[in-house]
Amino acid sequence: MKIEIAYGAALKVGDPPLQEDELKRTLAQEIAAGFKQLQVLREEGEVGFIDLPYQDLSSILQLVDQLKKDPPEWLVVVGIGGSSLGLEAALQALHPFLPSDGPKLRILDNVDPEKTAAVLREVDLSKAVVNVVSKSGGTAESMANFLVVFKALSERVGEYEAKKEVVFTTDPQKGTLRELANEHGFKALPVPPNVGGRFSVLSPVALFPLAFVGASVRELLDGARWMAELCEEKAGIENPALLLAGLHLSLCKKGKNIAVMMPYLTRLEGFSRWFCQLWAESLGKEGRGQTPLAAMGANDQHSLIQLFNDGPKDKMVTFLRVENPEEDVEIPGLFSGKETLGYLGGKSLHSLLLNEQIGTAAALAKSGVPSITISLERLNSFTLGALFMLYEITTAVCGLAMGINPFDQPGVEQGKRFTYALMQRQGFEREMEEVKRWHLAGNASLRLKEE
Ligand code: PA5
């Protein structure tokens, strides 16, 4: 299976452009130091995501078999952030390979009442399994959706039966979900303590639901292992994760403060959203970090590309392309006398899409916007697993090279504490005073009313 990372358009483009020797220096210094630190953290057992491809899948697969004895028609997954984005990305990327008669899956991530109500109306809970995914076992959105779904399920099948249809994916020792599992006998799968939420897509977090709907989780892990081993063996510019981390870091130093991820295949749209969370929550720290931005080819050629080409020169773009789609469509040679139609006839939609990507990259280079193009021979479980691992290692190395901790998220804590105070959670009374002080929206506002 081939993956190519073309980075010619990241060098010698822009003002001042990145030179190859600068890239090599960054690789030999900061990136090499960051990678060394990652290897030490892995050896010490502090960081576990690189070891996920070697996990034993038997407990996940046995649980799937057990729950599928009485074939359920639905799987409802409750989870948010790192507990849902990787699953969403994988489901979208792999949908051509999923059995069409398998269970249907719905994800409740947000606490959007309209969405939750719609899912509860749509799903026949008497034929559903519910998977609540929360590493901490206490995230407000996931706990709220769990309570809502569990009540609805209990009303449908009775509390005793309902408990049998729920699977928690959570920390092996602590947190409310683990306590509930111990106290009430809910089934539970572990999230390794040394694997953080946004690095957990290759853990039971996404593997259980993916196996449940019939995805090839072994191939996903095989691809991830292939990439992890490549990144272990290769040095410097030959190492795909180090190369990407080096390019991002070097270009960031040149003012490229926005990292655009732009796939040219709809199946990779979820991957861009997953990348955005991984990049933002891992690297946005201590006043630093590149802002990730998801774009979509060719759609955003009619939207964001104007800004990329002609706006502030603060962006670098990563294109993702898939050389062989699972299907292609020929454009019919109709109305060939018309100039705007004739040249399209007999070509395929995919050839148009890929040529649009090349055209866009060339136009960006001409405007001084650097880009990287990652080409996958095909998009399947193996290459998706490789891509997940590639970006996880790239992100971790980048953060460690920058001298920040890519594995924590202090910036999300304050808002959570204020929300707890507003929702009258015990122990957060003091935060209420602070919320009143900092909730500045009411101090200056424009109110509109139709008379
Ligand atoms: O990457 C992270 O740590 C976060 O995005 C978490 O995944 C998110 O906050 C959900 O956390 P939890 O799985 O504990 O419910």
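Reader: What classes of residue line the second largest pocket?
Author: Eight are nonpolar, five polar and four charged. Ala, Val, Leu, Ile, Met, Phe, Trp, Tyr, Cys and Pro count as nonpolar, Asp, Glu, Lys and Arg as charged, and the others, Gly among them, as polar. Bear in mind that this is a predicted model: local features need pLDDT of at least 70 and side-chain atom pairs count only at pLDDT 80 or more, but totals for chains, interfaces and linings use all residues. Residues are numbered from 1 along each chain as its sequence is written, and side-chain values use heavy atoms, with hydrogens and water left out.

Reader: Why is the space called a pocket, and what makes a cavity?
Author: Both are sets of points on a 1 Å grid over the protein atoms alone: a pocket is open, with protein on both sides within 12 Å along at least five of seven lines, while in a cavity a 1.4 Å probe fits but cannot get out. The second largest pocket holds about 420 Å³. Its lining has 17 residues, with L265, T266, P325, E327 and L353 closest to the centre.

Reader: How many cavities of 30 Å³ or more are there, and what lines the largest?
Author: One. The largest cavity's volume is about 40 Å³. Its lining is H248, L249, C252, W279, L283, Q290, C398 and M402, so each of these has an atom within 4 Å of a grid point. Six count as nonpolar, two as polar and none as charged. Helix α10 (240-253) gives the largest share, three residues.

Reader: Where does the ligand sit?
Author: The ligand takes up the space of the largest pocket. The test is that more than half of a molecule's atoms lie within 2 Å of the pocket's grid points, so the ligand passes. That pocket holds about 740 Å³. It has 33 lining residues, with T139, G197, E281, Q409 and K416 nearest its centre; α16 supplies the largest share, four.

Reader: Which classes make up the shell around the ligand?
Author: One nonpolar residue, nine polar and three charged.

Conventions
Points joined across faces, edges and corners; volume = space filled by probe spheres on them. Helix = DSSP H or I, 4+ residues; strand = E, 2+ residues; numbered from the N terminus.
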